[in-house]
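Me: I am new to this structure. Could you show me how to read it, one feature at a time?

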Amino acid sequence: MAAELAEEPQLAALMLKEAWRRVRRRLRIGPLHRWRFAGGAPDRLLVTPTELRRGDPLIAADLYAGIFYFSGRLVDTSGQSPFQAVPPSPGWNAELQSFEWLRHLSEAGDALASANARALFTDWQRLSGSTITPRTHDVDVAARRAIAWLTHANLILADADLGFYRKFLRSLARETRILRSVAPEAPDGLPRLRARIALAFLSLCLPTGVGHMRSAARHLSDELDRQIFVDGVHISRNPAANLVILADLLPLRQTFAEQNQPVPKGLIKAIDRMLPALRFFRHGDGALALFNGAGVSEAHLLTALLRHDETLGDPISHARPSGYQRLAAGGTVVIADTGLPPPSAVSGEAHAGTLAFEFSSGAHRFVVNCGAPARADSDWRRLARTTAAHSTLTVADHSSARFSSQGLVERFLGAPLIGGPTRVPVSRDDSDAGQRFTAAHDGYAARFGLAHERTLFLARDGGLIEGADRLFPAGRRPVRLPDRTPAALRFHLHPGVAAIRTVEGVTLAAGREEWHFSANLPVEIEDSIFFADNSGARPTLQIVVAFDPRDQDAVAWRFVKRR
């Protein structure tokens, strides 16, 4: 680890920053925490927020039976409390501790579900809630837990006696005091934002002073202004982050209104920006584009969120601040990443997919990126983040951005991007003929002395997609290529697409849609893998155009719609 830190000043700076953040957090919840977080409890719950996520009664039945399947791992508690079980993974523990699975019990909605919810809450309070540890009170998990308790309070408290009611309110009050203390030291990005959302909910749902309510609203507005670009995309550049955030922000806005409190301006602005951004990233089949950590789309949640979008116009074509392009015509949608990687501090899930694109036709996705696995499997996730898992160009099977190495650094920091493109110039031209953009990046400049440029055109009728990819010397840097260094263009296909080799190229079919791919160089069909599927990773195919940059510096290709 020391050698890696010596070679990577950026990584060393991130390590120091994270170490200091953990020290500050520890000071806030140190040995005296049981006294600092003790105190009175409110006498009532004022309001219960709405839940937009849908539960599954079948999962509720598993919970009744003591079967807890979280983050790709299954634990059968055999009659014991799940909070006594040894967590099989950090992801499993986070899901258990978050209590977000209460929505499945709420969907069941019977007396047994309420009794089970109360029993599990009591287990948590007895086995986990009495002490404050990173395993039980990670700030992101604590924030999710507080929101889940508030949202499903009616389920938990149904038929509860007065003693349990008071115990529940005492726990909420204690969690509020803990969150107020640790929120300033939360990791940047979604965890810090979620902590502010949770505190805003708590200030509205529990009797609290005006000062606390105003402070929670102000801090939330400031965090939303900082983390949400003016085009509505989250600072992580993950399209799916909008789903997660809006699922909390919309009920929060409603809760402000129900309590006759002014809705913070930052909250209004964020919602007004983020809802159109969801439509920007939406393909013809309703799924979100797979960039920078996006995986399986929750279709029912996306539909529920878009009911609140009052703009009703066509999505914007260029999300300039976040760096995405959308070309749309005649039922064909092309979405491309033409932006810089996110800041290192919020890049733990970011992908090395600069200049990658996806396209859908009608109700079918044809070209995709591999997407993020649903399981918290570090090997799969690392593979999914590589450039080769995206529909773009790779040089010598290297990624255009680098990740920290596995080991102590990854366990401490996660796996942030520590190198990648520093410049991504973009130009766009929309004319009567169609829509076109040209973008380039220098992600291969340091290693190979090369820059990658991509031009992509969508005809006005949506029946033709033309592209050209070019490698050229990056400024005055010498070009350094090993003896055998092929470059490759990759076009990953959705599992629902059938690919047939022809003399001219490859014919692609999905439903009643059919497209033909061709290029000015030989085309191959190879195996690929699609991670963003409800059933888990699925085998699929990819079109590959390999070439040697010393002999051929550019490749032209096209997709033509046949029906």
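Reply: What follows goes through a helix, some backbone angles, cysteines, cavities, a pocket and a few single residues.

Me: What should I know about the model before I start?

Reply: This is a predicted model, where local features need pLDDT of at least 70, side-chain atom pairs count only at pLDDT 80 or more, and totals for chains, interfaces and linings use all residues. Residues are numbered from 1 along each chain as its sequence is written, and side-chain values use heavy atoms, with hydrogens and water left out.

Me: How far should helix α14 span, and how far apart are its end C-alpha atoms?

Reply: Start with the terms. Helices (H or I, at least four residues) and strands (E, at least two) are DSSP runs, numbered from the N terminus. The expected span of a helix is 1.5 Å times one less than its number of residues. Now the case here. Helix α14 covers residues 241–258, which is 18 residues, so it should span 26 Å. Its end C-alpha atoms are 26 Å apart, which agrees.

Me: How many residues of α14 are buried?

Reply: Buried means under 20% relative accessible area, exposed over 50%, and partly exposed in between (1.4 Å probe, protein chains only). In α14, 13 of the 18 residues are buried, so the helix is largely enclosed by the rest of the structure.

Me: What does the backbone do just after α14?

Reply: The general idea comes first. Most residues other than glycine have a negative phi. Just after α14, Asn-260 takes a positive phi of about 55°. Asn-260 sits in the loop between α14 and α15 (265–280). Its relative accessibility is 71%, so Asn-260 counts as exposed.

Me: Is Asn-292 buried or exposed?

Reply: Asn-292 is buried, with a relative accessible area of 3%. Its phi is also positive, near 50°. Asn-292 belongs to the loop between α15 and α16 (299–306).

Me: How many disulfides does the structure hold?

Reply: A disulfide is a covalent bond between the sulfur atoms of two cysteines. The test used here is a pair of cysteine sulfur atoms within 2.5 Å. The structure holds 0 disulfides. Two cysteines can still be read for burial. Cys-205 has 0% relative accessibility, so it counts as buried. Cys-370 is buried too, with a relative accessible area of 3%.

Me: How many cavities of 30 Å³ or more does a search of the whole structure find?

Reply: The search uses a 1 Å grid over the protein atoms alone. A cavity is a set of points where a 1.4 Å probe fits but cannot get out. A pocket is an open set with protein on both sides within 12 Å along at least five of seven lines. Lining residues have an atom within 4 Å of a point. Grid points are joined across faces, edges and corners, and a volume is the space filled by probe spheres set on the points. Here the search finds 2 cavities of 30 Å³ or more.

Me: What lines the largest cavity?

Reply: The largest cavity has a volume of about 140 Å³. It has 15 lining residues, and the closest to its centre are Glu-51, Arg-53, Ile-147, Thr-151 and Asp-248. Elements giving two or more residues to this lining are α9 (139–151), α12 (190–205) and α14. The largest share, 4 residues, comes from α9. For classes, Ala, Val, Leu, Ile, Met, Phe, Trp, Tyr, Cys and Pro count as nonpolar, Asp, Glu, Lys and Arg as charged, and the others, Gly among them, as polar. This lining has 5 nonpolar, 3 polar and 7 charged residues.

Me: Which residues line the second largest cavity?

Reply: Its volume is about 30 Å³. Its lining includes Asn-292, along with Arg-237, Asp-337 and His-351. By class, the lining has 3 nonpolar, 4 polar and 2 charged residues.

Me: Which residues lie nearest the centre of the second largest pocket?

Reply: They are Gly-420, Asp-442, Gly-443, Ala-445 and Ala-446, out of 21 lining residues. Elements giving two or more residues to this lining are β12 (434–441) and α19 (445–448). The pocket has a volume of about 360 Å³.

Me: Which side chain does Arg-144 contact?

Reply: A polar contact is a pair of N or O atoms within 3.5 Å. Within protein, one must be able to donate a hydrogen and the other to accept it, and residues adjacent in sequence count only if both atoms are side-chain atoms. Arg-144 lies in helix α9 and is buried, at 9% relative accessible area. A polar contact of 3.1 Å joins the side chains of Arg-144 and Glu-100.
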